[in-house]
Amino acid sequence: MKNHDNHISSDSANWTVLLILLILTTLSILAIKIHVGAFTVALALLLASVKVTIVLTYFMHLKFENLLLRLMVGGVFLLFAIVIAITFIDYYFR
Amino acid sequence: MTNTVTKEPLNYLNHETGLWSWLTSTDHKRIGLLYMYSITVFFCVAAILGLLMRIEKMAPGQTIMTAQTYNGMFTIHGIIMIFIVVIPGLAAVFGNIFLPIMIGAKDVAFPKLNLFSWYLFMTGAMLGLYSQFANGHSPDTGWTFYVPYSAEASSNVVVALTAAFVLGFASILTGLNFIVTIHRMRAPGMTWFRMPLFPWSLYATAWIQLLATPIVGITLLMVIAERTLHIGFFDPSLGGDPVLYQHLFWIYSHPAVYVMILPAMGVVTEIFPTFSQKPVFGYVPIVFSSMAIALVGYFVWGHHMFTSGMSYESRWFFSFLTFLVAIPSAIKVFNWLSTMYGGSVDLKPPLLFAISFIFLFTIGGFTGLALGSLATNIQLHNTEFVVAHFHYIIFGGMGFAFFAAIHYWFPKIYGRMYSFKWANISWGFLFVGFNLLYFPLFIVGIQGMPRRYFDYDPKFQLGEALSTIGAFILIIGLIGMITNLIYHSRRGAIAPANPWHGVTLEWQIPSPPPHENFDEIPVITHEPYRFDHPHTN
């Protein structure tokens, strides 16, 4: 099993990820000023999703897990994204 | 079978004694029994509330309670039955007791977390009861807590919401435990497609528990935040939207129906081959139909909202998917019938209940199509037709499957046998009472009788009165069944290890099972349901 191995990320990798997360957080705040109407929430969710992916991949070590586990986690997020999308499609067409 | 009293060998029931040993036990079988006893008590409370509501509706006008009391009663009846009885029911009781045994493990993956789940469950259940008697009057929103009323009502809505939130956590932790157990703890040789079908159904259920329950948890917290902090999630005057609540609530609560029904399907899938002494028909299609129900069941929540102002595009989308989910359900029904066809059918009480499950679930399923269709839904929405459909699925489906499960596994759990005669008589009362209780509600519902009304037009009285008579017959059946089981759990004839000639692993160990199930972990050499030889070497 891969998850019995030790995976210690380098300091530089962790700092780089942290920097990217801070930049994306700043972008999330700045995005409020961009007026894209009904897509404001979609934009915020998109940026949040990128951040979640980075956290899962690097900080939660999903990068080092086997394909099945990565697919299962990916499937869960895909499912959640579809559920959110369906809900907002209702708002778009109403 | 023999009545000879001998010194019982050590098993999970007697290897430790005393209340403390039960309250601190991490044995999955004991935790399953803790769930069973607590759920049974809550079920009896909610059933009595249901009977009182039926007595109120025996005649038009006020009879034994006020409208406000009636509103409180249907709310707490719903909260107890849904969140405390049917959602955890089969998975927490029989899943806990039999999942590890059926996959050849000594316990679940996280035994302490399992016990913690039960304590969380009890905390939520007690909070639910407390909401009835705390300051102010009992919640009167219905178990769905629809806004804007639930955000404004002066009753104990916050306590009831907190109860549902805590119960949700118990459900998530149980689901997580089962997923890890199935992935990591199957016996050597038990590949995915050598796993019995009850564990498969629990696996599909556990994913729903894990993925859908957090959504309702957050939603209920949002209502609490709206009530206490006046944040405008759902209140239009604060920029919110009440339809958003319905979306979020049903994103969980429709899949929750599958949390209730999938383990029920798993139970009867174990019973049909055993009592037909024939391999299950279509093992692989049953596996994939379970997973398909779990997956498609995620995307049909909108059919609860056809009349709530949802967009037209969403309505036909959800209606289409609702019809789609009928396909895997029908596959299962055909597989069960085909399993019995040509088999050596032995009509013992577990099979009676399992066959009743098919009959009642099918009626519930077909009437569900009438509700899933956009045109007929407008006529039937919020009428007693919905109440009847819902109870045929939940009580006729999950409830009768629970009765089937307890009659099937009773000799394994207690090492004793119940009276077949009393089980059959109780089944007769339950089956007749159930149909008399709920079928008239289809008729009065089509005629326009709304749900959740404590009073009604006299033209509905015949249907309502018949329904109340059915409720009394049903209660007699319940009393008979519970008495038979409780009495014989201590005084019944000693049951052999394998009274039904089953072939899955639980029937290959002594009754009651030893503390850690197996002296030696079994090695699985072939697929389950081979009646030429049992599921292990």
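At what angle do the axes of helix 9 and helix 11 of chain B cross? In this predicted model, the answer is roughly 15°, and the two axes come within 8 Å. Helix 9 covers residues 242–276 of chain B, and helix 11 covers residues 312–340. Angles under 35 degrees count as roughly parallel, so helix 9 and helix 11 of chain B are roughly parallel to each other. The crossing is left-handed.

Now look at the residues that make this contact. Helix 9 of chain B brings Met265(B), Val268(B), Thr269(B), Phe272(B), Pro273(B) and Ser276(B). Helix 11 of chain B answers with Lys332(B), Trp336(B), Thr339(B) and Met340(B). By class, the residues of this contact are six nonpolar, three polar and one charged.

Val268(B) leads on to the core. The largest nonpolar core has 166 residues, and Val268(B) is listed with Ala401(B) and Ala404(B) as having the most contacts inside it. Helix 14 of chain B, residues 384–414, gives the most to this core, with 22 residues. Beyond its neighbours within four places in sequence, Ala401(B) is in contact with Leu90(B), Ala264(B), Val267(B), Val268(B) and Phe357(B).

Finally, turn to the other chain. Nine residues of chain B are in contact with nine residues of chain A.

Note on methods
Residues numbered from 1 in each chain as written. Chains lettered and ligands numbered in written order. Predicted model: local features only at pLDDT ≥ 70, side-chain atom pairs only at ≥ 80, totals over all residues. Core = buried A, V, L, I, M, F, W, Y, C linked by C-beta atoms within 7 Å. Buried ≥ 20, exposed ≤ 12 C-beta atoms within 10 Å, placed from the backbone. Helix = DSSP H or I, 4+ residues; strand = E, 2+ residues; numbered from the N terminus. Contact = placed C-beta atoms within 7 Å. Axes fitted to C-alpha atoms, helices over the stretch in contact; angles between N-to-C directions. Parallel < 35°, antiparallel > 145°, perpendicular 65-115°, else oblique. Left-handed = near helix turned anticlockwise from the far one by under 90°. Nonpolar A, V, L, I, M, F, W, Y, C, P; charged D, E, K, R; others polar.
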